[in-house]
Amino acid sequence: MATFKNPHNYGKIKNADGIGKVGNIVCGDVMWLYIKVGKNKQGEEIIKDIKFETFGCVAAISTSSIITDLVKGKTIKDALKITKDNVIESLGGLPKIKYHCSVLAVDALIEAIYDYFKKSKKPIPSDLQKKHEIIQKSKDIIEKRYEKWAK
Amino acid sequence: MKKIYLDYAATTPVDKRVEKAMEPFLSEKFGNTMSLHSFGQEAKLALENSRQVFADIINAKSNEIIFTSSATESNNLALKGVASASRKAASAKAPASQGHIIISSIEHPCIAESAKWLKRQGFEITKLPVDKYGLVNPKDVKNAITSKTILVSVMHASNEIGTIEPIAEIGKICKGKGIYFHTDASQSFGKITIDVKKMNIDLLTASSHKIYGPKGAGLLYIRSGVKIDPILHGGGQENGLRGSTVNVPAIVGFAKAVEICQKEMAREGARLSKLRDKLIKSVLKIKGSHLNGHPKVRLANNASFWFEFVEGESLIMRLDLEGIACSTGSACSSFKLEPSEVLLATGLKPQEAHGSLRVSLGRFTTEKEIDKLIKVLPGIVKKIREMSPYGKEN
């Protein structure tokens, strides 16, 4: 609830390195994550900045905000390890019917990182590619629905 | 922060006058209406006096009023009871024949789900469409009626969008065809004058907790002559149509509640319409806002909107943080993810139906409260849109 009242990191990142756009078919929520990638002292790639834009319910906005807090400053390798359970745990729990919101947040992150790999022409790990394809399927359906608005 | 309740369509607080009327029936006059001794007689008298109150108000006979525990139960009894009785009659004549039931596409779930269940039992169900205001066209009722039709059920006024249906016209059509007409008047009872004779209503549902009575009481008016079976079998209470020890305190409260509503109806209706219209006028000034339901033919206490690029639940929760309690008929409520069937039936797209807000006013609503809502709503809508990937003003 506190997260919903004062969500962190909402807005856009201009010239983001990666953008993840995902949606849930059933409830119609849409979440966009923007990431900016940098390097840490060890030379590993990290998520330097992250912002979200979300059309959705309380849980969707809260999970969006939480995932930005969770991954900010993390290496991409670690960011990809974040699961929906991490999101739920950090929120202090979610009602069962809202679990899909945490999935949405994780999916958005995966998509943003995938987008970054693609844009910077880096080799895409096979499991990331697989996850991306699954997410993409449901996204197509959602995008069609929102076509009119997105214009 | 003083809390503001604007969800009277969901439920209402019990009026103090109702509370007072109920009190003696809790520990003092607690008898079972079926008992022969004086305790029982005392309770029975209170029950029958209450029954007469309702009969007088809707122009019925007292033995045509059956008390139940809720509008949901009344609606279940109306549909399943009539269906069951018709099956008996039908099977005597033609064994395989199952009846046909017509409902509207904006009914409360207790009608829609009962119909769905009957469909699984072999009954044929037709759901009538509504126009963009949520109105059922009486012509559609006429056209949907077949030789197998046993019952038409169309609500009096929509709980979600407030539209008042042309039930007198529908009643007339049903009467002409010799088909039972049921109406769920949960939202209109005590707010609009109902005359079951003039409106040709065969069965009518009403609820106590929507009109400042206690929860746990409802009624079904059943015109004498209507063939109906009980769904709660038991000790023969309520003319054998509803087994269960009668909830006398709640029914006494329900009767007191309707008496008050009836007395204050004209004045209260005028007061609430004025507040409602002020609210609608102000809210529609917000960019990308729309009214749900009919602009004129609507309940005096209902204002329903949808906002472009806004998700209803976020709106409700942000209003709640401001101390204002409203509701959304929309998805992503705690129990359902899909958008409101009612709003979809009026032609809204799923993403549009997601952005709905229902404000329902009542006896204790003041102009100051409406002004507060008018003041905070634009900022909340703006904030939600800022967080959304769509609908930025740029």
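**Exercise 1. Which residue stands opposite Arg358(B) in strand 12 of chain B?**

Solution. Some conventions come first. Residues are numbered from 1 along each chain as its sequence is written, and chains are lettered from A in the order in which they are written. The model is predicted: local features need pLDDT of at least 70, side-chain atom pairs count only at pLDDT 80 or more, and totals for chains, interfaces and linings use all residues.

Step 1. Helices (H or I, at least four residues) and strands (E, at least two) are DSSP runs, numbered from the N terminus. The residue opposite Arg358(B) in strand 12 of chain B is Ser304(B).

Step 2. Strand 10 (residues 302–307) and strand 12 of chain B pair in the antiparallel sense over five bridges; two strands count as paired if DSSP finds at least two bridges between them.

**Exercise 2. Describe the sheet that holds strand 12 of chain B, and the setting of that strand.**

Solution. Step 1. In chain B, three strands in the order 9-10-12 make an open sheet with antiparallel pairing. Strand 9 (289–292) and strand 12 (356–360) of chain B are its edges, each pairing on one side only.

Step 1. In general, strands of a sheet pair through backbone hydrogen bonds, and in a regular strand the side chains alternate between the two faces. In strand 12 of chain B, Ser356(B), Arg358(B) and Ser360(B) point one way, whereas Leu357(B) and Val359(B) point the other way.

Step 2. A residue is buried if 20 or more other C-beta atoms, placed from the backbone, lie within 10 Å of its own, exposed if 12 or fewer do, and partly exposed in between. Five of the five residues of strand 12 of chain B are buried, so this strand is largely enclosed by the rest of the structure.

**Exercise 3. Why does Phe123(B) count as buried, and which residues does Phe123(B) touch?**

Solution. Step 1. Locate the residue: Phe123(B) lies in the loop between helix 5 (109–120) and strand 4 (124–128) of chain B.

Step 1. Phe123(B) counts as buried because it has 21 C-beta neighbours inside 10 Å.

Step 2. Contact requires C-beta atoms, placed from the backbone, within 7 Å. Leaving aside residues up to four places away in sequence, Phe123(B) touches Ala83(B), Gln98(B), Gly99(B), Ile101(B) and Leu118(B).

**Exercise 4. Characterise helix 2 of chain A.**

Solution. Step 1. Helix 2 (residues 58–71) of chain A has 14 residues and spans 20 Å between its first and last C-alpha, close to the expected 20 Å; the expected span is 1.5 Å times one less than the number of residues.

Step 1. Of the 14 residues in helix 2 of chain A, 13 are buried.

Step 2. Just after helix 2 of chain A comes Gly73(A), with a positive phi of about 90°.

Notes. Two residues are in contact if their C-beta atoms, placed from the backbone, lie within 7 Å.
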